[in-house]
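Let's walk through this protein together, one question at a time. Have the picture open as you read.

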Amino acid sequence: QGTIVVMRLPLEPVSLTHHKTADNAALLEMSKGAVEKIDLAGVRVLVVDDDADSLEIVSTILQNCNSEVQIAANAQEALNVLNQWEPDILISDIQMPGGDGYELIQQIRRQKPTLRGRIAAVALTAYSRAEDRLKALASGFHTHLSKPIDPKELVAVVTRLVT
């Protein structure tokens, strides 16, 4: 005449951070083998993302290919880096607090005339609909990649943009 629900809880709390870190480590290890033959020595990349894990993953993948990587946690930090360092490629998240990736690339295209024609820009975002891609391209990005990032695809895009 009724339902019995049995629920078992672990005695020790499970750390989600530990699992996320373990997943990131596994992804980085897999990416190392997947892209180890690609050499991006001399390629300078600025990675902008408010998510520390995404920053770590993208920068590590590119560093494993011998590229020089600077990171920024938001648009303002990215602009500060650009005042002192000139990358070949900008890889930016779209959705960030205090200024999104669309605003960042538009500001770079307006305020940094020496970079405007030379810096290749990649939108890296969880938004993967066709209209999101079109908005990224219309804003000044050269291409659009969806999260979670495929290491092979990331390296292929960077290689294509610098050759």
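Q: In which helix does serine 139 lie?
A: This is a predicted model, where local features need pLDDT of at least 70, side-chain atom pairs count only at pLDDT 80 or more, and totals for chains, interfaces and linings use all residues. Residues are numbered from 1 along each chain as its sequence is written, and side-chain values use heavy atoms, leaving out hydrogens and water. Helices (H or I, at least four residues) and strands (E, at least two) are DSSP runs, numbered from the N terminus. Residues 130–139 form the helix that holds serine 139, and that is helix 6.

Q: Is serine 139 buried or exposed?
A: Buried means under 20% relative accessible area, exposed over 50%, and partly exposed in between (1.4 Å probe, protein chains only). Serine 139 has 9% relative accessibility, so it counts as buried.

Q: Which residues does serine 139 touch, not counting those up to four places away in sequence?
A: A contact means heavy atoms within 4.5 Å. With that sequence limit, the partners of serine 139 are Tyr102, Ile105 and Gln106.

Q: What is the strand order in the open sheet?
A: Two strands pair if DSSP finds at least two bridges between them. The open sheet has five strands with parallel pairing, and their order is 2-1-3-4-5.

Q: Which are the edge strands?
A: An edge strand here pairs on one side only. That picks out strand 2 (68–72) and strand 5 (143–146).

Q: How many bridges join strand 1 to strand 3?
A: Strand 1 covers residues 44–48 and strand 3 covers residues 89–93, and they run parallel. Leucine 46 stands opposite leucine 90 in strand 3. The number of bridges joining strand 1 to strand 3 is four.
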